[in-house]
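Please open the model in your viewer and keep the selection panel at hand. The tour goes from the whole chain to its parts.

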Amino acid sequence: MIHDANGNIWFKGNLHTHSTVSDGKLDPDAVFQLYKQNGYDFIALTDHYRFHKESVEAGGLLCLSGAEYDTGRDVWEGIYHITAIGCTEEPALSNAGEKPAPQEIIDEIHRCGGLAVLAHPAWSMNTVEGIRALHDLDALEIYNTVSGVPWNARPHSGDLVDRLALYDSFIPCIAADDAHFYTGDACRSFIMVKAKTCTRKALFEAIRRGDFYATQGPEFSVSVENGEVIVHCSPVRDVVFTSNIVYAADRVTRGAHVMEAHYRIKPGEHFVRVELTDANGLRAWSSAIPVSNC
Ligand SMILES: [Zn+2]
Ligand SMILES: [Zn+2]
């Protein structure tokens, strides 16, 4: 939990974690302890096709209910891994026999009151067309720790987020570990949520308002004022503004201790997205921000 200079409270959470209940290496209690010790306020255990109910663990760590549902045989057909966060009853989804279609998974998660999050889209080789065919995703993982080196490849889905934004598909972006507890794949990528209390209700309301950001450490806020996208942040090395304009002279602000960066919105610009990297290589990501009418 962080109190910022404006009196806001920010809660730290990881919404994608496995345990020995599926293919993770730590049992649930050890997972809770590890995340609590690392300053997390909430997590979700999202074992494959195994539903964990909400609980409050030792030290006050909120464990939102969770599960991960995957479908699709190959990238041609489309592979979709969708996490269910905060369902108030277990989704009626099974991997015995034919797996459910992705939209069926999303709809069932919503019927049970949860958030449907598209996990690691770059790793799954999801396409713009494939994602746009889905309705009502609540978020996607712009960064997934365990999809990265040394465990795997394609952890970062920023390019896909930009292409989706080009087609007016502004899906909120989170970062998550997808921790399996190999070595070093836990407590790396998370979200910070601005809320008054750390409860399912308050966190959901904040996430739906967009009062959160994805990060590995850098803290930041983004505002759009007078035709500019403005970032205030903890000291970082780079602030990068991506958009559909292929060249912009002010795309990167670089320095030893950058704490503020401005980007002038250009004619024809449809969206702007922000990525930050600090001196230790830790990154942070905004969602794509529509700027057509700014
Ligand atoms: Zn997955
Ligand atoms: Zn997973």
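This is a predicted model: local features need pLDDT of at least 70, side-chain atom pairs count only at pLDDT 80 or more; totals for chains, interfaces and linings use all residues.

Residues are numbered from 1 along each chain as its sequence is written, and chains are lettered from A and ligands numbered from 1 in the order in which they are written.

**Whole chain.** Show the chain as a cartoon: its secondary structure comes to five helices and 18 strands, where helices (H or I, at least four residues) and strands (E, at least two) are DSSP runs numbered from the N terminus. The radius of gyration, taken over C-alpha atoms, is 18 Å, close to the 19 Å that the globule rule (2.2 Å times the number of residues to the power 0.38) gives for 294 residues, so the chain is as compact as a globular protein of that length.

**Two domains.** Next colour residues 2–215 as domain 1 and 220–290 as domain 2, bounds that come from an automatic or database domain assignment. Their C-alpha centres lie 25 Å apart, and 14 residues of domain 1 are in contact with 13 residues of domain 2, contact meaning that C-beta atoms, placed from the backbone, lie within 7 Å. On the side of domain 1 that touches domain 2, select helix H4 (158–166), which gives the most, with five residues.

**The core.** Now select Ile82, Val117, Ile174, Ala175, Ile191 and Ala214, which touch the most other members of the largest nonpolar core, a set of 78 residues. Such a core consists of buried Ala, Val, Leu, Ile, Met, Phe, Trp, Tyr and Cys residues joined through C-beta atoms within 7 Å; a residue is buried if 20 or more other C-beta atoms lie within 10 Å of its own, exposed if 12 or fewer, and partly exposed in between. Strand S14 (residues 228–243) gives the most to this core, with six residues. Centre on Ala214: leaving aside neighbours within four places in sequence, its contacts include Ile142, Tyr143, Ala284 and Trp285.

**Helix H1.** Finally, select residues 28–37, where Val31, Phe32 and Tyr35 are the buried residues of H1. Seen down the helix axis, these buried residues fall within an arc of 100° (that of the directions from the axis to the C-beta atoms), so they line one face of H1. Their cover includes strands S2 (9–17), S3 (42–45) and S5 (62–64), whereas the face turned away from the buried side carries the exposed Asp29 and Gln37. After H1 comes Gly39, with a positive phi near 85°.

Notes
Two residues are in contact if their C-beta atoms, placed from the backbone, lie within 7 Å.
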